[in-house]
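Q: I'm new to this one. Can you walk me through it, a bit at a time?

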Amino acid sequence: MSYGNKEYQVNAIGQLVKSVSELLAKDASNKVCVFQSPTGSGKTVMVAKFIEEIIKELPETDLCFLWVSIGKGDLHKQSKKSLERIFDGFPNVNLLEVEFFGSRNYIEQNEVVVVNWEKLYSKYASGENKGEWKNKVMREGEGVNFIEVLETTREKRKIILIIDESHYASDAQRTSELRKIISADVTLEMSATPKIQPSAQDIAKGNAKFIYVDPKDVIEEGMIKKELIINENLEKLVDDEKTSQDIIIEAAYNKRLELKQAYTNAGSNINPLCLIQLPNAEAGVAKKEVIEAFLADKGITETNGKLAVWLSEEKSDGLDEISDFESEVEFLLFKQAIDTGWDCPRAHILVKLRDIQSYTFEVQTVGRILRMPEQMHYEDENLNTGFIFTNLQKITVQKEDYNPNIIKHLKSVRKLVYKPLLLPSYYKSRVDFGDITFSFGKTLEEIFCNAFGIEINPTMVNTADNGDKIKAKGLTTDITTYKESLLTDKKITGKEFDEISGVLNDSDDRTALAKLADNDLQDMFSSVVKENLSGFAPKRSVPTVRGAIYQWFKKYLGINYQMENGIIHIQYLFLHDKNLSKFSELLSKATGEYKPIKKAEVKAKIEETVYDWDIKKEEFFNQHTDEKLDYKLCIYEPCYLGKDRSTPEKEFEKHLETKADKVEWWFKNGVSKKDFFGIKYEENDLPQTFYPDYIIQLTSGKTFIGDTKAGSTATEAKSRAEALQVYIKDQNAKGKNLIGGIIIKDDTKKWRLNQQDSYNYDKNDLTKWDYFDNII
């Protein structure tokens, strides 16, 4: 396959080489080249070809490249595969976490290192490791960390930093810090919608470049459709008997027939696909029935393969062939926004039915009908146009963060060797997000009132009397504008300048008081609340706690937070120098005493289910989050496994594949869904669900249930390990034939198994750990 051969792509590659070459020759810092090119234009292809060309163009310049992918998940791994496919052997492409884990000292000449930006810059926000890098490759340790690798590399060669989809990272808190650490000779930012544009001044100085690919050029090359039309000629179908829903479904049906004939006339065998997005919940069920009835009257059903359903709870057969140009599927019903990586260029029509909770068109959903199937335009303009039909009364188009796992479209089937297990499985719905809820208001009220001797829930509230009681405790109720102290007229002599460090303020320094801006006051108030949450999750808890505080001040001191400046007055009083220490102390006490109340609340809301579990007959996977592996003993064919599996899991699976004499099949369990196998255990006096990693059917007839651990995860596994042994014994007493336990790899690289009723892990003492191979 040839890459980068469209005229606009060739031009852009040439501009990239010229611009970056000029920046490399410039003696300046923070040199940047912004590359703006539309979605669907092939940005990755163009920048990859740029790398190849600049290596050829500057043979005397020692270069290396750091390619950063933005977002969660494994986008960086996808980038690596795309680059390897384009480069076809040269230059060499490596993943940061694979190659640079204490063993590499620098990046090689012409090497392209691919990294996930979010994983690289993440730091701990709280706890004993607060402020430290989360990623091991960034931390100081026994091996060389990546910061040291960069320092060594800069001594040897120039670094070009390439940021893919750079608009996602432009607002990140640690972006500037990480850029400084990388200290690239040139940064290339690529995006369809860059948030940061180089200034005219920097461009004039030669410190910045801007390269733009016009969407018109991409359209003219036949890569994407020329336009999208919403509700074309809808008025022709309107009559008194039809609902708006009936009209748009009929319009979409007619348009699909028209497009099919147009492709035939153009000499193409493409069967255009119509996507119908259903609302969620009950409204979606009712609309699905109406649509299926309408299509059935037209001879379009799941049975004859012309209708497909792609819902979380229902999936049609044959979805893995739906992208084929000649697929018989004419209509696809779905609920979620179809993910960005789902590629079905024959999708031509989008129907979005009214949802009273949302008027939003997700960009990635609309984008599914934007591509041209044969990367060319046709004489019939109908084929160069995307069609949307909707009965929404208003329309909002919303950009969303990339989510590669919305729809799973790779089908895998359970092997015939499988015999039902019917293992009792535990599932509980999630009712706790670790947050303070509305019931906290009562606890805060009691703590605050008791501290000041104020009557709780009086018939008549005497705010003046309450104010006197607060003053009697040494606090103030005077609403004084909160002011911060600013250092003023501080002098530093030239002689002292190079020795400056630490805090500059001295006790005799002059200061000035300045009013704090309202938004800064709000931030300071929220910060104090956050510091006194006693471990509750801040994001959900802070608004609730703020509300409880406002309510208390309104009820007992008469400061109405709903009136103009009411919230500001409350914040002034709370943060006043005379009051802050006491109110912070009381707030901390209130959130601490709320813990058992919240625990009881959570317990009361938990819904528990125990049901007979079996491995599903079929499962669906996603090309971005799952990988296909040639494993013969996996219960699913083909075998797809999540790319985010841990190293011990991957190593254990490889070991299982060597045990065909003892293992009939094995299954990789998941988490947090009723589809997966769970065991109940107790932690912090609350029921929890343990999802063991593997279910293994042994040739001996036994069924093995095991969970792989390593390092600290093995130390922390006590409650789950012991619950697993209780489960095994209980089920064996009822006729099952189970064994299992926690699995680790010892220092000799042997797999060990703990089957003890009382679990203990000490890496220096594994005398009670059996050898796994001997047990199975």
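Predicted model: local features only at pLDDT ≥ 70, side-chain atom pairs only at ≥ 80, totals over all residues.

Q: OK. How many bridges join β1 to strand β7, and which way do they run?
A: 5 bridges join them, and the two strands run parallel. Strand β7 covers residues 208-212. One facing couple is Gln36 and Tyr212, the latter in β7.

Q: And what about β1 and strand β6?
A: Those two are also joined by 5 bridges, and they run parallel. Strand β6 spans residues 186-191. Within β6, Glu189 is the bridge partner of Val34.

Q: Is β1 enclosed or open to the outside?
A: Largely enclosed by the rest of the structure, because 5 of the 5 residues in β1 (residues 32-36) are buried.

Q: Which way do its side chains point?
A: Val32, Val34 and Gln36 point one way from β1, while Cys33 and Phe35 point the other way. In a regular strand, side chains alternate between the two faces of the sheet.

Q: New topic. What is the strand order in the open sheet of 7 strands?
A: The order is β8-β15-β13-β9-β12-β10-β11, and the pairing is mixed.

Q: Which strands stand at the edges, and why does one side of each lack a neighbour?
A: β8 (227-230) and β11 (314-315) stand there. Each has a single partner strand, so one side is left without a neighbour in the sheet.

Q: How does β11 join strand β10?
A: Through 2 bridges, with the strands running antiparallel. Strand β10 covers residues 307-311. Trp310 has Lys315 in β11 as its bridge partner.

Q: Which helix lies across β13?
A: Helix α10, residues 244-265. That helix lies across β9 (273-277), β12 (331-334), β13 (347-352) and β15 (385-390). It runs at about 175° to β13.

Q: Let's do rings. How many aromatic pairs are there?
A: The count is 30 aromatic pairs. One of them is Tyr253 with Phe294, which is edge-to-face. The centres are 6.0 Å apart, with 85° between the planes.

Q: What does that pair tie together?
A: Tyr253 is in helix α10 and Phe294 is in helix α11 (residues 281-297), so the pair ties together parts that are 41 residues apart in sequence. Tyr253 counts as buried, at 13% relative accessibility.

Q: How are Phe452 and Trp552 arranged?
A: They form a tilted pair, 6.3 Å centre to centre, with 40° between the planes. Phe452 sits in helix α13 (residues 440-452) and Trp552 in helix α16 (residues 538-557), 100 residues apart. Both Phe452 and Trp552 are buried.

Q: Which cluster do those rings belong to?
A: Ring pairs link them into a cluster with others, including Phe448, Phe525, Tyr550 and Phe583.

Q: Where do the charged ends of Lys156 and Arg752 sit?
A: The charged end of Lys156 is over the ring of Tyr106, 4.6 Å from its centre. For Arg752, the charged end is over the ring of Tyr771, 4.1 Å from its centre.

Q: Last one, Asp707. Buried or exposed?
A: Buried, with a relative accessible area of 2%. Asp707 lies in strand β30 (residues 703-708).

Q: What does the side chain of Asp707 reach?
A: The backbone nitrogen of Asp693, at 2.9 Å. Leaving aside neighbours within four places in sequence, the contacts of Asp707 include Phe690, Tyr691, Gly741 and Ile743.

Notes: Residues numbered from 1 in each chain as written. Heavy atoms only, no water. Helix = DSSP H or I, 4+ residues; strand = E, 2+ residues; numbered from the N terminus. Buried < 20%, exposed > 50% of the residue type's maximum accessible area, 1.4 Å probe, protein only. Polar contact = N/O pair within 3.5 Å; in protein donor to acceptor, adjacent residues only side chain to side chain. Contact = heavy atoms within 4.5 Å. Pairing = 2+ DSSP bridges. Axes fitted to C-alpha atoms, helices over the stretch in contact; angles between N-to-C directions. Phe/Tyr/Trp six-rings, centres within 6.5 Å; stacked < 30°, edge-to-face > 60°. Lys NZ or Arg CZ within 6 Å of the ring centre and 35° of its normal.
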